[in-house]
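Have the viewer open as you read.

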Amino acid sequence: MSRSEKWDYLIVGQGIAGTLLAHFLTRAGFRILVVDKPHRSASSMKAAGIINPITGRRYAKSWMIGQLLPFAKKTYLELEQEFNIRIWQDRNLLRALPSIQDENEWWRRSAFPDFAPWFASEADLAGFEGILKPVRAWGETIGAAQVNFPALLNAFRDRLLKEKSILEEEFDFDKLSFEEGNPVYDAMPFKGVIFCEGARAVKNPWFNYLPFVPTKGEYLVVKIPGVRFPKMVKNGVTIVPLGGERFWVGASSRFEYDDDLPSPEQKEWLLNRLVKALQVPFEVLTHEAAIRPTVFDIRPFIGRHPDGNGLFIFNGLGTKGASLAPYFARHFTSHLVEGTPLLKEVDIVRFEDRYNGPG
Ligand SMILES: Cc1cc2nc3c(=O)[nH]c(=O)nc-3n(C[C@H](O)[C@H](O)[C@H](O)COP(=O)(O)OP(=O)(O)OC[C@H]3O[C@@H](n4cnc5c(N)ncnc54)[C@H](O)[C@@H]3O)c2cc1C
């Protein structure tokens, strides 16, 4: 097979979006080439991978969680088998309820029949004695989980490398052209080029008309000597077990920032909150930052470019890549393979009136 006949789709970016889309498209029988250059600001390799069904100050049910979570679990468990690695971890989440209003709202929500399955009747703090600072009350979310993005992304990349189906380089827009309505990249024709660039999509001349509102997030990895616990804890910051005595602690969220580097102010903010949450000493191992592909209307950006030129996007996973990516990678695959319509909340057709040509 010649170089020019080899591939069906080119996927740009191998974060969780590009990885899962490559997975489902390959499973549907397509030949996929990936272009990815790791960037410091890319978020999947830094995310805690939390799936939390009950979120926000009002303890709202996360959008579509009843469909997203079971499908995410099924997908990640299948990938565990395929790669013989550990990706999925069921982890309940303990949540501090510092005021009477928080406590009332928590229990009010727990009484709704469609919320009840996610709420433990009582928070179980066994094993946390002497570790967490006392708070007024705790709630416990059942059915939360943690997804090990780095394990999955690294295993998937190793396979792409072995199969010679990845170009480890920056995508070069000067090498993109069009022949008879189809994209050609570096002399290779494709049925489509699918951009999964995360927050770097703001630099994409074809899709920068979409209302991305990227946010910078910073977190710490700490060692808490002598401490191990299996649950996640949310009290000012979220503390997520990474194995042994190591814990992920985060994350800050900033709309305005000058660079993608960890900042002393945000480190201070994280440390203050962690000191307020823990009774035990800890040691900071690393402090990191990344940029989330957050968007104006908090719904994924999926679909084809308005020019009908064979360019597509799968992005806008925001703060919820772990739960959104599996379901919507499959949803998008069905759209590409069988022509099933995209859900209108995620289809980028909703922003078509913003497009005035590439630039
Ligand atoms: C601190 C922090 C904590 C988070 N915690 C969670 C969490 O607990 N749970 C959760 O669900 N989500 C979390 N998120 C959000 C989550 O990380 C994102 O939703 C998700 O990872 C986005 O994945 P993506 O594949 O769209 O983008 P990315 O992960 O950014 O991947 C894009 C990839 O494309 C590459 N790329 C981009 N442009 C080019 C180009 N021109 N050429 C070549 N390669 C390119 C990048 O280098 C990268 O490899 C967190 C984010 C941050 C920052």
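This is a predicted model: local features need pLDDT of at least 70, side-chain atom pairs count only at pLDDT 80 or more; totals for chains, interfaces and linings use all residues.

What follows covers the domains, their interface and the ligand site.

## Where the domains meet

On the contact list, 8 residues of domain 1 meet 9 residues of domain 2. Putting the two domains together buries about 760 Å², with carbon and sulfur atoms giving 55% of that area. On the domain 1 side, three residues carry much of the load: Arg40, Ser41 and Lys46 supply 65% of the area that domain 1 buries against domain 2, more than any other three residues.

There's charge pairing here too, with 2 salt bridges counted between domain 1 and domain 2. Arginine 40 also turns up in a salt bridge with aspartate 260, where the closest N and O atoms are 2.6 Å apart. Across the interface there are 4 residue pairs in polar contact. As for the make-up of the domain 1 side that touches domain 2, its residues come out as 2 nonpolar, 4 polar and 2 charged.

## Around the ligand

How many residues surround the ligand? The count is 36, and the closest are Asp36, Lys37, His39, Ser44 and Gly318.

Backbone atoms do some of the polar work. A polar backbone atom of alanine 17 sits 3.0 Å from an oxygen atom of the ligand. For glycine 49, the distance from a polar backbone atom to a ligand oxygen is 3.1 Å, and a backbone N or O atom of glycine 321 also lies 3.1 Å from an oxygen atom of the ligand. Taken alone, the ligand exposes 1,000 Å², and the protein buries 96% of that.

Definitions and conventions. Residues are numbered from 1 along each chain as its sequence is written. Side-chain values use heavy atoms; hydrogens and water are left out. Contact means heavy atoms within 4.5 Å. Buried area is the accessible area (1.4 Å probe) that two parts lose on being put together, summed over both. A salt bridge is a side-chain nitrogen of Lys or Arg within 4 Å of a carboxyl oxygen of Asp or Glu. A polar contact is a pair of N or O atoms within 3.5 Å; within protein, one must be able to donate a hydrogen and the other to accept it, and residues adjacent in sequence count only if both atoms are side-chain atoms. Ala, Val, Leu, Ile, Met, Phe, Trp, Tyr, Cys and Pro count as nonpolar, Asp, Glu, Lys and Arg as charged, and the others, Gly among them, as polar. A residue is near a molecule or strand if one of its heavy atoms lies within 4 Å of it. Accessible areas come from the Shrake-Rupley method with a 1.4 Å probe; for residues, only the protein chains shown count as cover.
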